[in-house]
Amino acid sequence: MPLHMTKIAFSAESPADLRAWLESHAGIGEARLTTRYLPKRYEEMIGGSLYWIFEHALIGRSPILGFEQREADGRWHIRLEPRLIPVVTKPKRAHQGWRYLKEEDAPRDLTDGESSGDVMPPKLARELMRLGLV
């Protein structure tokens, strides 16, 4: 069972903006994020996914292809499939950097015919989380 990670969709103004950024890398076959340190459990994460946080909710995931060190400065690339797979919205507090996410805590993918409009909007999910109702 692969291990996943969560990360804020920093500088994305909407899920559509995040999707466009990921898909803009389809020509090279992968999108890359940079991180200072290699996760200690990186081997478990290959085959897992990076779950994106937008407005304090998990909104989608991108499968992790692997990790690669940059020669210039020793930082690491997180190599991702250049696509955003929508998931059932799940409240998630914002955090710096990335965090591990176990399989049993990951939200399920939306099914064919199911749209993000069929699930709770991120702002509402955040408010319910704030009130301790989810």
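Helices (H or I, at least four residues) and strands (E, at least two) are DSSP runs, numbered from the N terminus. On this basis the protein has 3 helices and 7 strands, and from the N terminus on the elements run β-α-β-α-β-β-β-β-β-α. The structure is a predicted model, in which local features need pLDDT of at least 70 and side-chain atom pairs count only at pLDDT 80 or more, while totals for chains, interfaces and linings use all residues. Residues are numbered from 1 along each chain as its sequence is written, and side-chain values use heavy atoms, with hydrogens and water left out.

The overall dimensions come next. Of the 134 residues, 40% count as buried; buried means under 20% relative accessible area, exposed over 50%, and partly exposed in between (1.4 Å probe, protein chains only).

Attention may now turn to the pocket. A pocket is defined on a 1 Å grid over the protein atoms alone, as an open set of points where a 1.4 Å probe fits, with protein on both sides within 12 Å along at least five of seven lines; lining residues have an atom within 4 Å of a point. A volume is the space filled by probe spheres set on the points, which are joined across faces, edges and corners. The largest pocket holds about 340 Å³ of space. Its lining comprises 15 residues, of which I8, A9, F10, S11 and L33 lie nearest the centre. The elements that give two or more residues to this lining are strand 1 (4-8), helix 1 (15-23) and strand 2 (31-35). Helix 1 gives the most, with 3 residues.

A pair of aromatic rings is described by the distance of the centres and the angle of the planes. Rings of Phe, Tyr and Trp (its six-membered ring) pair if their centres lie within 6.5 Å; planes under 30 degrees apart count as stacked, over 60 as edge-to-face and the rest as tilted. By this rule the count comes to 2 aromatic pairs. The rings of Y42 and F67 have centres 6.1 Å apart and planes at 80°, so this pair is edge-to-face. Y42 lies in helix 2 (residues 42-45) and F67 in strand 4 (residues 57-69), so the pair ties together parts that are 25 residues apart in sequence. Y42 counts as partly exposed at 28% relative accessibility, whereas F67 counts as buried at 14%.

W98 and Y100 also form an edge-to-face pair, 5.3 Å centre to centre with 65° between the planes. W98 is buried, with a relative accessible area of 18%, and Y100 counts as partly exposed at 30%. The charged end of R41 sits over the ring of Y100, 5.4 Å from its centre; such a contact requires NZ of Lys or CZ of Arg within 6 Å of the ring centre and within 35 degrees of the ring normal.
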